[in-house]
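Please look over the structure shown here. The paragraphs after it go through its parts one at a time.

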Protein chains: 2
Amino acid sequence: MEKFKVGIAGLGVVGSGVVRNVRSQADLLASRSGCAFDITTIAVKDPSKSRDLDTTGIQIITDPLQIARDPEIQIVVELMGGTGLARELVCESLRNGKAVVTANKALLAECGEELLALAASSRKPLCFEASVAGGIPILKALREGLIANRILSLHGIINGTCNYILSQIAQTGASYADSLAEAQKLGFAEADPTLDVEGYDAMHKTIVLAALAYGFWIPQNLVRVEGISRLQNEDFSYAKMLGYTIKLLGTIRSHDDGAVEAHVSPTFIPRSHVLASVGGSFNALSVRGDVVGDTLYYGRGAGSNPTASAVISDMVEAALALSGGVALRPCATHSLYAKVRPFDETSSAYYTRLSVLDQPGTLAKISAVFAEHNIGISSVFQPKEHPGDFVSLILLSDRALERDYRGAIATIERLPVVSGSAAAVRVEEFES
Amino acid sequence: MEKFKVGIAGLGVVGSGVVRNVRSQADLLASRSGCAFDITTIAVKDPSKSRDLDTTGIQIITDPLQIARDPEIQIVVELMGGTGLARELVCESLRNGKAVVTANKALLAECGEELLALAASSRKPLCFEASVAGGIPILKALREGLIANRILSLHGIINGTCNYILSQIAQTGASYADSLAEAQKLGFAEADPTLDVEGYDAMHKTIVLAALAYGFWIPQNLVRVEGISRLQNEDFSYAKMLGYTIKLLGTIRSHDDGAVEAHVSPTFIPRSHVLASVGGSFNALSVRGDVVGDTLYYGRGAGSNPTASAVISDMVEAALALSGGVALRPCATHSLYAKVRPFDETSSAYYTRLSVLDQPGTLAKISAVFAEHNIGISSVFQPKEHPGDFVSLILLSDRALERDYRGAIATIERLPVVSGSAAAVRVEEFES
């Protein structure tokens with residue numbers, strides 16, 4: 001039995017889960033991996049805060065960098081969040097020859113390339129399974145299980161807050177504001193939900209997924225992000241009528257020319273697709289490999305225990321690497337891809353909702369604009385509404401370039417028969 | 001770049017897929033793992049057989065044991081099937097210091113303990129990701145991703161042939177015989193389908209899954225197996241009416257006393273559960289860990305490319321282990337569990353269909369028998385049928401011991417108001 005001394009920075013929901021489960025699963029971890037973990041030190045912001053956790057025998061400190069400098073500690077677990085002090089902690093720990101485990105997607109999205117290079121030059125493991133989709137071992141699947149596959153596409157429901165809110169709206173017809181408030185009450189959303197609902201958290205995770213799938217770190221400013229706060233309730237109803245459900249997807253896709261697209265977008269997906277049945281705060285990722293075909297991974301993407309499950313599996317990974325048994329393959333950087341396709345040049349089918357004058361010729365004018373932009377229309381649908389001058393018109397387009405579609409919409413919004421702005425949502429059919 | 005010489009035994013559907021994809025993905029494998037594979041030798045039964053595969057530069061032989069004895073070969077890939085010669089090949093290869101990759105679940109179910117012990121004493125890797133659920137990296141998930149979890153239960157759709165047939169019957173109302181014939185025509189079923197439709201293939205895989213989850217190899221005679229050939233079409237209709245669908249599940253579950261249950265059973269599952277939406281020849285496994293909660297893995301469980309995807313990921317695993325980088329952790333044997341709960345002492349809810357006399361008092365007599373055996377009835381349903389002396393009666397029971405349920409059914413079948421045998425299928429509600 002090999003024993004590893006561990007220091008943890010951050011004792012919030014995840015940190016407490018790690019401490020609790022490292023203890024309760026000690027016999028299991030020993031039996032399966034031959035490793036034992038001794039959590040010697042935990043850095044917290046406020047040591048006086050009362051916690052529902054027995055920390056007897058653990059040194060509680062306030063400066064996380066002390067962990068990086070403690071010669072006794074072999075594995076540093078970074079669960080502080082943020083990109084300032086957390087970056088310092090990770091870098092200094094690696095430089096001091098420690099293995100690092102982190103759940104910090106924001107840090108990876110910003111400094112992944114630098115941190116992985118540092119880990120490689122230090123010949124120490126940097127593990128980050130917990131940074132994406134909590135307890136679902138998706139990074140391991142991409143990196144190892146699917147190593148023989150070019151990843152053609154990946155569509156991920158990777159933000160539990162958004163999925164909870166979207167599921168609530170779709171199921172109960174509640175408003176966005178009420179669903180968000182409900183999510184906050186249940187602990188699925190933060191007091192300031194911006195990072196989640198505007199898609200930035202999903203963007204960070206999308207960048208990590210792309211790094212595993214394509215061997216390079218996409219700069220954050222090249223990932224187009226749209227959140228869920230501007231979706232309207234009526235679009236959920238129309239989605240349902242048309243056989244779809246709306247999910248916030250992190251999407252990555254490779255193209256024949258080696259370019260990679262990456263974006264976070266609310267997306268109509270067919271109700272018959274497995275992703276559509278992923279409700280509440282669950283996460284799921286649909287991965288298409290060129291050899292394996294379609295695979296899917298589902299589970300809890302957040303929360304104390306699910307995230308701790310991933311952190312602890314990384315601690316074992318780190319321990320085995322330190323004891324010389326496991327190769328350092330956190331994320332192979334290579335140049336098989338390394339080019340980002342601008343969002344404008346990606347293509348999709350689109351759902352469009354317009355408010356239009358209820359008079360003959362309206363559809364002809366709108367169709368003409370789509371045709372001028374080389375966009376086919378696969379279906380048109382006019383919901384029965386209270387009569388009035390303006391009524392809703394729903395269109396589903398064929399696959400088109402984002403640039404062409406946006407051009408068409410801009411022109412259509414200027415038509416005299418159209419009032420206000422169009423509602424536009426991508427549609428993913430998952431064709432093979 | 002490290003180059004590994006590989007010998008393959010068996011050049012059927014999977015073997016050809018491995019050869020093809022090792023070539024086409026060479027740059028990817030090199031970039032991601034730093035490994036290159038040189039397939040030097042392939043053993044086949046009939047070298048004169050014409051194959052749609054370029055084998056230029058590969059030595060084609062007929063005696064697989066020659067591969068085990070070739071001092072040049074470092075990795076042996078066993079894709080012959082069977083438990084005789086295949087066992088010899090695996091054992092001799094390990095004894096001669098080679099890494100072994102196999103997709104042979106029958107071999108593992110029969111000799112897993114022996115083979116893994118031999119691999120451990122030889123300090124060489126024995127990898128078998130492809131033996132269960134084809135391209136889905138489920139063994140890696142159980143062994144590594146979920147290492148911090150006691151596996152509370154696992155329910156797997158792990159036989160594509162059965163799932164194809166069951167999906168066909170449920171969707172089209174076709175007979176079992178016609179659905180089987182269709183599966184055979186499409187290549188989803190063998191000419192002799194017994195191994196698949198009677199559940200033995202799923203049993204082999206269930207044993208492998210249990211070994212990973214619980215650290216010991218359950219003897220085959222302790223795994224109760226029921227196939228799909230005796231299901232009646234009307235039970236699919238009633239399943240649907242009641243909100244269920246019928247799947248063949250490999251089930252493993254741990255109990256508080258450390259006992260493990262393992263069986264293969266046709267099972268009613270709620271149509272709202274993600275497993276219910278797994279159609280056609282796809283596989284999926286729902287895994288409940290005590291830390292991570294519910295997770296699910298989905299993909300193609302068979303076929304040339306999906307299985308090759310898993311075989312090749314194992315070849316990389318083996319290569320990294322040979323080059324000293326990866327710990328040998330094929331399947332930790334331990335004694336945290338190691339006791340099998342007899343099938344009679346497992347519990348389930350049950351669907352029962354009886355043919356009964358259409359007269360007052362019939363239900364009272366039947367209910368009385370269930371009550372005597374301590375079995376609650378959660379619902380009773382009498383489908384509208386052509387009137388006659390005997391009509392169908394459908395009952396759903398609460399969770400009960402298999403022994404009690406079987407006792408009740410035996411008594412009920414002897415009641416004068418009941419004609420013929422009962423149809424009985426387990427019901428899994430996936431309660432948390």
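What follows moves from the domains to a sheet, then to a helix, and ends with the contact between the chains.

This is a predicted model. Chain A is divided into three parts: domain 1 covers 2–135 + 304–322, domain 2 covers 138–300, and domain 3 covers 346–427.

With strand 1 (residues 2–9) of chain A, strand 4 pairs in the parallel sense over four bridges. In this pairing Gly7(A) has Val76(A) as its bridge partner, and Ala9(A) stands opposite Glu78(A). Strand 4 of chain A also pairs with strand 5 (residues 99–102) of chain A, again in the parallel sense and over four bridges. Here the bridge partner of Glu78(A) is Thr102(A).

Are the residues on the two faces of strand 4 of chain A buried or exposed? In a regular strand the side chains alternate between the two faces of the sheet. In strand 4 of chain A, Ile75(A) and Val77(A) lie on one side, while Val76(A) and Glu78(A) lie on the other. These residues are all buried, and both faces of the strand are covered.

The next element is helix 7 (residues 160–172) of chain A. Helix 7 has 13 residues and reaches 18 Å from its first C-alpha to its last, close to the 18 Å expected at 1.5 Å a residue. Of the 13 residues of this helix, 11 are buried, so helix 7 of chain A is largely enclosed by the rest of the structure. Among the buried ones are Cys162(A), Tyr164(A), Leu166(A) and Ile169(A). What do the buried residues of helix 7 of chain A pack against? Their partners in chain A are strand 7 (151–157), helix 8 (176–185), helix 9 (194–197), helix 11 (233–241), strand 9 (244–254) and strand 11 (282–289). After helix 7 of chain A comes Gly173(A), which has a positive phi, near 75 degrees.

The last topic is the pair of chains. Chain B is superposed on chain A by a rotation of 180 degrees with 0.0 Å of shift along its axis (RMSD 0.0 Å). The two copies are therefore related as by a two-fold rotation axis.

How many residues does the contact take from chain B and from chain A? It takes 48 residues from chain B and 48 residues from chain A. On the side of chain B that touches chain A, helix 2 (26–33), helix 6 (138–145), strand 12 (293–300) and helix 12 (304–322) of chain B each supply at least two residues. By class, this side has 23 nonpolar, 18 polar and seven charged residues. Since 100% of the interface residues of chain B are also interface residues in chain A, the copies meet through the same surface. Strand 12 (residues 293–300) of chain A and strand 12 of chain B run antiparallel and are joined by three bridges. Within them, Tyr297(A) has Tyr297(B) as its bridge partner.

Conventions. Residues numbered from 1 in each chain as written. Chains lettered and ligands numbered in written order. Predicted model: local features only at pLDDT ≥ 70, side-chain atom pairs only at ≥ 80, totals over all residues. Expected span 1.5 Å × (residues − 1). Buried ≥ 20, exposed ≤ 12 C-beta atoms within 10 Å, placed from the backbone. Contact = placed C-beta atoms within 7 Å. Least-squares fit on C-alpha atoms with pLDDT ≥ 70 in both. Nonpolar A, V, L, I, M, F, W, Y, C, P; charged D, E, K, R; others polar. Pairing = 2+ DSSP bridges. Domains from an automatic or database assignment.
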